[in-house]
Amino acid sequence: MTHQRPNWDEYFIEVVHALAKRATCDRGRTACLFTKENRILSSGYVGAPPGMPHCDDVGHDLRTVVLPDGTKSEHCMRGIHAEQNAICQAARFGISLEGATLYCKMSPCRTCAMLLVSCGIKEIVAEFKYKTATESEEILKSAGIPIRYIHDEEIVYEKK
């Protein structure tokens with residue numbers, strides 16, 4: 001069998017899968033990374049801030065959130081989103097994300113979308129769409145940041 005070299009999108013999504021294994025909230029083991037000129041700048045995964053207890057160790061801090069369409073959803077508030085952790089890592093080490101591409105498991109939430117706009121990224125490549133990403137997609141579109149999806153399916157978290 002001939003070796004088939006992955007394209008850049010496939011390669012970086014594979015790296016995201018490896019990073020997600022470090023995530024410490026079993027409701028959504030996800031991760032992301034920023035690249036520029038096909039080089040990894042920064043990465044992050046979902047989990048509590050350094051030195052604080054993780055969901056996997058002490059359980060979830062679930063809160064009811066009202067979504068824009070009026071439906072209610074349970075969200076874990078103990079951890080920081082993968083995008084937020086990757087942005088913090090870049091800031092800690094003095095790495096500019098201006099012009100970077102974000103690779104992630106799913107489309108970012110509203111707050112992460114606004115942070116990504118502020119970072120000056122140029123593009124997002126997401127493996128899947130998150131079920132409540134409409135507002136995020138609008139924010140990114142208005143900022144001129146395209147989001148490409150590798151798969152058409154939506155991610156829906158199981159209740160845990």
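# Chatting through a predicted model

Trainee: Where is threonine 24 found?

Mentor: Threonine 24 sits in the loop between helix H1 (8-20) and strand S1 (31-36). Keep in mind as we go that this is a predicted model.

Trainee: Okay. Is threonine 24 buried or exposed?

Mentor: Threonine 24 counts as buried, because its relative accessibility is 13%, and buried means under 20%.

Trainee: And what is threonine 24 in contact with, leaving aside its neighbours within four places in sequence?

Mentor: With those neighbours left out, threonine 24 contacts Arg29, Val46, Gly47, Ala48, His54, Cys55 and Asp56.

Trainee: Let's follow one of those. Where is the place of aspartate 56?

Mentor: Aspartate 56 is in helix H2, which covers residues 55-58. With a relative accessibility of 39%, aspartate 56 counts as partly exposed. Setting aside neighbours within four places in sequence, aspartate 56 is in contact with Ala23, Thr24, Cys25, Asp26 and Arg29.

Trainee: How far are the C-alpha atoms of aspartate 56 and glutamate 135 separated?

Mentor: They are separated by 30 Å, and the two residues are 79 residues apart along the chain.

Trainee: New topic: cores. How many residues has the largest nonpolar core?

Mentor: The largest nonpolar core has 20 residues, and those with the most contacts inside it are Phe34, Leu97, Leu102, Leu116, Ile121 and Ile124. Two or more residues each come from S1, helix H3 (82-92), strand S5 (101-106), H4, strand S6 (123-130) and H5.

Trainee: Which element gives the most to this core?

Mentor: That is H3, with four residues. As background, nonpolar side chains tend to be buried together in soluble globular proteins.

Trainee: Could we zoom in on one core member? What is isoleucine 121 in contact with, leaving aside its neighbours within four places in sequence?

Mentor: Isoleucine 121 contacts Phe34, Leu97, Gly99, Ala100, Leu102, Leu116 and Ile145, once neighbours within four places in sequence are left out. There is also a second, separate core of nine residues, and it includes Val16, Leu19, Ala20 and Val125.

Trainee: Now helices. At what angle do H3 and H4 pack?

Mentor: H3 and H4 pack at about 30°, and their axes are 9 Å apart. That angle makes H3 roughly parallel to H4, because angles under 35 degrees count as roughly parallel. The crossing of H3 and H4 is left-handed.

Trainee: Which residues make the contact?

Mentor: From H3 they are Glu83, Gln84 and Ile87, and from H4 they are Thr111, Cys112, Leu115, Leu116 and Cys119. By class, the contact of H3 with H4 has five nonpolar, two polar and one charged residues.

Trainee: What about H4 and H5, at what angle do they cross?

Mentor: Helix H4 (residues 110-119) and helix H5 (residues 134-142) cross at roughly 15°, and their axes come within 8 Å. H4 is therefore roughly parallel to H5. The crossing of H4 and H5 is right-handed.

Trainee: And which residues of H4 and H5 make that contact?

Mentor: H4 brings Arg110, Ala113, Met114 and Val117, while H5 brings Glu135, Ser136, Ile139 and Leu140. The residues of this contact of H4 with H5 divide into five nonpolar, one polar and two charged.

Trainee: Switching to the backbone: what is phi of glutamate 37?

Mentor: Phi of glutamate 37 is near 50°, a positive value in a residue other than glycine. Most residues other than glycine have a negative phi. Glutamate 37 lies in the loop between S1 and strand S2 (39-45), and with 71% relative accessibility glutamate 37 counts as exposed.

Trainee: What about asparagine 38, what is its phi?

Mentor: Asparagine 38 has a positive phi of about 60°, although it is not a glycine. Asparagine 38 is found in the loop between S1 and S2. Its relative accessible area is 30%, so asparagine 38 is partly exposed.

Trainee: Last one: glutamate 123. Buried or exposed?

Mentor: Glutamate 123 counts as buried, at 18% relative accessibility. Glutamate 123 lies in strand S6 and touches Ala100, Thr101, Leu102, Ile145, Pro146 and Arg148, not counting residues up to four places away in sequence.

Technical notes. Residues are numbered from 1 along each chain as its sequence is written. This is a predicted model: local features need pLDDT of at least 70, side-chain atom pairs count only at pLDDT 80 or more; totals for chains, interfaces and linings use all residues. Side-chain values use heavy atoms; hydrogens and water are left out. Axes are lines fitted to C-alpha atoms, for helices over the stretch in contact, and angles run from 0 to 180 degrees between N-to-C directions. Angles under 35 degrees count as roughly parallel, over 145 as roughly antiparallel, 65 to 115 as roughly perpendicular and the rest as oblique. A crossing is left-handed if the near helix is turned anticlockwise from the far one by less than a right angle, and right-handed if clockwise. Contact means heavy atoms within 4.5 Å. Ala, Val, Leu, Ile, Met, Phe, Trp, Tyr, Cys and Pro count as nonpolar, Asp, Glu, Lys and Arg as charged, and the others, Gly among them, as polar. Buried means under 20% relative accessible area, exposed over 50%, partly exposed in between (1.4 Å probe, protein chains only). A nonpolar core is a set of buried Ala, Val, Leu, Ile, Met, Phe, Trp, Tyr and Cys residues joined through side-chain atoms within 4.5 Å.
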